[in-house]
Amino acid sequence: MRININPLDSIVTALALNQKAQNTELQQLSSGSSINQPSDNPVGAAEVLRDRFQKSADTQFSSNNAALQGQLGVADSALSSVITSLTQAITLGTQGANGTLSDANRQAIAQNVSGIKDQLMGLANTQFQGSYLFGGTNTQTAPYAADSSAPGGVSYNGNSNVNSVEIGSGQFTPTNVPGSKLFSGGGTSVFQAVDDLTNALTSGTGIAAATAEVQNAFNYVNTQRSFYGATTARLNTTQQFLSSEQTQLDQHTTAVSGADFAQVSSDLVQSQTAQQALVAAASKVDQGGLI
């Protein structure tokens, strides 16, 4: 039988281990996590780190989506006004085709249609947070400008490129339709059509054909506008997924690293009780003159 001739050393060691256990338990109760440093659970710590990385990415994606939804909303609102303006032009063209109108009346209608073209150019130059929405990837220069030498009296200074944003891990979406495609294509041009209607009303000839041209432009823009509604719907679906994924990540992190408060509290009480016993034992050893 081996006798420990210096039991105080063992007590001191036990006290140190007990204090370490208490520190760990107190930290778990304070943080709510059983993993406060990688050595606590290397595998679990790696999982928690992956969860945090993905949550951070999802938060950035959500921020991108919110900003993009604002941009799409402004663009769609501008196009709604374009549709309204073209509807007014069609109505004016129909009125102007009435053979009972006087030349003066048709001239007044022509002036109204010319004003609509100015409205359309302003809408085509819509900005969001300092960037032009319909110039392709050229967002710092107004895409449309009055130009008497250009078809329809309006020149396009943007490009035909499309911006894109990552809205989820590996998921990218285009964010715009360039003006070169949005306001002209399929054999029609918004500005040319409205300009032709103005000229027809001014001359008093070809008004019905020019009105039909504006109707075609109306149909074309309305079709292109569907991009914004479809993209907004996709963003809403993606946002729901991101929100759900963040909830799942939180649940997984809790499952991997969440502290069992009842168990940790019980362990802490036991550690404190053991500490009291060890301190008492150390005192007895000291009083016995064994040190």
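Predicted model: local features only at pLDDT ≥ 70, side-chain atom pairs only at ≥ 80, totals over all residues.
Residues are numbered from 1 along each chain as its sequence is written, and side-chain values use heavy atoms, with hydrogens and water left out.

**Overall fold**

The protein chain contains 7 helices and 8 strands. Helices (H or I, at least four residues) and strands (E, at least two) are DSSP runs, numbered from the N terminus. Of the 291 residues in the chain, 36% are buried. Here buried means under 20% relative accessible area, exposed means over 50%, and partly exposed lies in between (1.4 Å probe, protein chains only). A contact requires heavy atoms within 4.5 Å. Among contacts between residues at least 6 apart in sequence, 69% join residues at least 24 apart.

**The nonpolar core**

In soluble globular proteins, nonpolar side chains tend to be buried together. A nonpolar core is a set of buried Ala, Val, Leu, Ile, Met, Phe, Trp, Tyr and Cys residues joined through side-chain atoms within 4.5 Å. The largest such core in this model has 44 residues, and Leu-86, Phe-134, Phe-183 and Tyr-228 have the most contacts inside it. At least two residues of this core come from each of α2 (42-96), α3 (103-124), α5 (190-203) and α6 (207-257). Helix α2 gives the most, with 11 residues. When residues up to four places away in sequence are not counted, Leu-86 touches Leu-120, Val-190, Val-194, Val-214, Ala-217, Phe-218 and Val-221.

**Strands and a hairpin**

Strand β5 (residues 164-168) and strand β6 (residues 171-174) run antiparallel and are joined by 4 bridges; two strands pair if DSSP finds at least two bridges between them. Glu-166 has Phe-172 in β6 as its bridge partner. The hairpin of β5 and β6 has 2 residues between the strands, and Gly-170 takes a positive phi near 75° there.

**The largest pocket**

On a 1 Å grid over the protein atoms alone, a pocket is an open set of points where a 1.4 Å probe fits, with protein on both sides within 12 Å along at least five of seven lines; lining residues have an atom within 4 Å of a point. The largest pocket has a volume of about 270 Å³, where grid points are joined across faces, edges and corners and the volume is the space filled by probe spheres set on the points. Its lining consists of 16 residues, of which Leu-68, Gln-71, Phe-128, Val-165 and Thr-175 lie nearest the centre. Helix α2 gives the most to this lining, with 4 residues. By class, the lining has 6 nonpolar, 10 polar and no charged residues. Ala, Val, Leu, Ile, Met, Phe, Trp, Tyr, Cys and Pro count as nonpolar, Asp, Glu, Lys and Arg as charged, and the others, Gly among them, as polar.

**Single residues**

| Residue | Relative accessible area | Class |
|---|---|---|
| Gln-129 | 70% | exposed |
| Asn-222 | 35% | partly exposed |
| Thr-211 | 9% | buried |

Gln-129 is found in the loop between β1 (127-128) and β2 (131-132), and has a positive phi of about 50° although it is not a glycine. Thr-211 lies in helix α6. Apart from neighbours within four places in sequence, Thr-211 is in contact with Ile-90, Gly-93, Thr-94 and Leu-197. Asn-222 is also placed in helix α6. Asn-222 and Val-82 are 140 residues apart in sequence and 9.2 Å apart in space, C-alpha to C-alpha.
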